[in-house]
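Visitor: Hi! Could you walk me through this protein model, one question at a time?
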Amino acid sequence: MVLHCCFTGTTLHSLKLAAIPYFSRTLTSRLTPYYPRPLFPLAVRSLSAAAVQTAASSTDEYQVVKPQWKAAIDFKWIRDNKESVAVNIKNRNSNANLEIVLELYEKLLSVQKEVEKLRAERNAVANKMKGKLEPSERQKLIEEGKNLKEELVTLEEDLLKLTDELQQEAQSIPNMTHPDVPLGGEDSSTVRKMVGKPAEFSFVVKDHVQLGKELDLFDFDAAAEVSGSKFYYLKNEAVILEMGLVNWAVSEAMKRGFTPLTTPEIVRSSVVEKCGFQPRGTNTQVYSIENSDQCLIGTAEIPVGGIHMDSILSESSLPLKYVAFSHCFRTEAGAAGAATRGLYRVHQFSKVEMFILCRPDESDSYHKELIEIEEELFSSLGFHFKTLDMASEDLGAPAYRKFDVEAWMPGLGRYGEISSASNCTDYQSRRLGIRYRPESSSSVSPKKGKNAAPTQFVHTLNATACAVPRMIVSLLENFQQEDGSVIIPEPLRPFMGGLQIIKPKHIQN
């Protein structure tokens, strides 16, 4: 079996998993975290290096193919609001080609009209042939019907081709943008909130890599031999810390009404696409399995988003709030430099993700709720952090608005992203086919059948409750002590068997 990346462009890395014949069937969720009892699931295992070999892939190996699914894109709205859409594409620095989309849409409408006209003529001929006719007249109608059928077959083929081309081009158009989003690149992002102050130390601070080495918490060298760069082993208290963080985050979300999930960690490529990510591309962030239609997930947002795919939900069931634990796999293509050292940027990690499906008029308020939950969680641990309203060019295609949380990491000497919260409005639901049926506001029994209220697309939102590696970075660097030990914040202790401090082996009692 061969793996290669899939998320946003055309060239891919490839990974050969010859030594893992059952990889695609066995790499699934290993933990269901329950509240309130802290449990310690199996530790994350890196992929075997003996089984993983990186090889270059040529760009011509991956040709553009027509989409196997169709998003419910409102082309008429795009046409009627083409000026706003064009400005939005420019503000987001997107490579979407609006002119081609509009041109294809007009061609599609023209061909549709011609198809409808020919179908009407064919039906008229068919009706004429039902009556009594002279043989010559009948033969004439037969010839006319035959010609119409041939013309119709050709036009219908053109219509299918135009439909696929239009879908292919239109799917690259990003979501619209919240009017309060700052315009520009990442540097234009604005600080929404600043919490706490940087920790003060009377000694020279260490980064998490040095702390982890001295406390015997990580093994990057062995992981590099076994799996390659950007993999790691967690050891000793670091294992308990990961499990404690996961169960703490899940239990905190459950207190706030979220339903816990573990998810598949391999999904169909089409589901990745429907969540707004383009598989098989340059600088892609997700591994795909060659000779299959499957990918390893880069976030639980993808499988959770797919739970209600092609469904019509009742309005009374909304909002649906999920908190999902999964392992995540990312190629980190293009990443280099000091920002990638240690645990900060890795190929495999554990994460707890929150996901909400709601009515359109509620998504702004739930976006606010999600970022407030994140702020509460990180404040309770004693982190110093800032919340950013991310600029337009830093938004992924699905996001209408995105808030990032960056925590101060004293060992690295800078802020580092530990979380984000995005409102994707109906961008994902139009692709995933997730609708709801509004209920009547009157006391009269709801109408059914043709008289039922028309369905609407739900809005989807996602937010990270806990990305384990960066949480470990923040915890070790902020709560290090002069003797080399690290204090465990109180909220985590019940989920770590009461452990209060991680001490160097030479000073342990």
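**A look inside the model**

Visitor: Which residues is Trp248 in contact with, leaving aside its neighbours within four places in sequence?
Guide: Keep in mind that this is a predicted model. With those close neighbours set aside, Trp248 is in contact with Leu377, Ser380, Leu381, Met471, Pro491, Leu492 and Phe495.

Visitor: Which element gives the largest share of the largest nonpolar core?
Guide: That core has 61 residues, and Leu245, Trp248 and Met471 are among those with the most contacts inside it. Elements giving two or more residues to this core include β12, β13, α11 and α13. The largest share is 10 residues, and it comes from α8.

Visitor: How far from Arg431 is the nearest side chain of opposite charge?
Guide: Arg431 is found in helix α12, and its side chain has a polar atom 3.0 Å from the backbone oxygen of Tyr427. A salt bridge needs a nitrogen and a carboxyl oxygen within 4 Å. Arg431 is buried yet has no salt bridge, and the nearest side chain of opposite charge, Asp426, is away by 6.9 Å.

Notes. Residues numbered from 1 in each chain as written. Predicted model: local features only at pLDDT ≥ 70, side-chain atom pairs only at ≥ 80, totals over all residues. Heavy atoms only, no water. Core = buried A, V, L, I, M, F, W, Y, C linked by side-chain atoms within 4.5 Å. Buried < 20%, exposed > 50% of the residue type's maximum accessible area, 1.4 Å probe, protein only. Helix = DSSP H or I, 4+ residues; strand = E, 2+ residues; numbered from the N terminus. Contact = heavy atoms within 4.5 Å. Lys, Arg positive; Asp, Glu negative; His and termini not counted. Polar contact = N/O pair within 3.5 Å; in protein donor to acceptor, adjacent residues only side chain to side chain.
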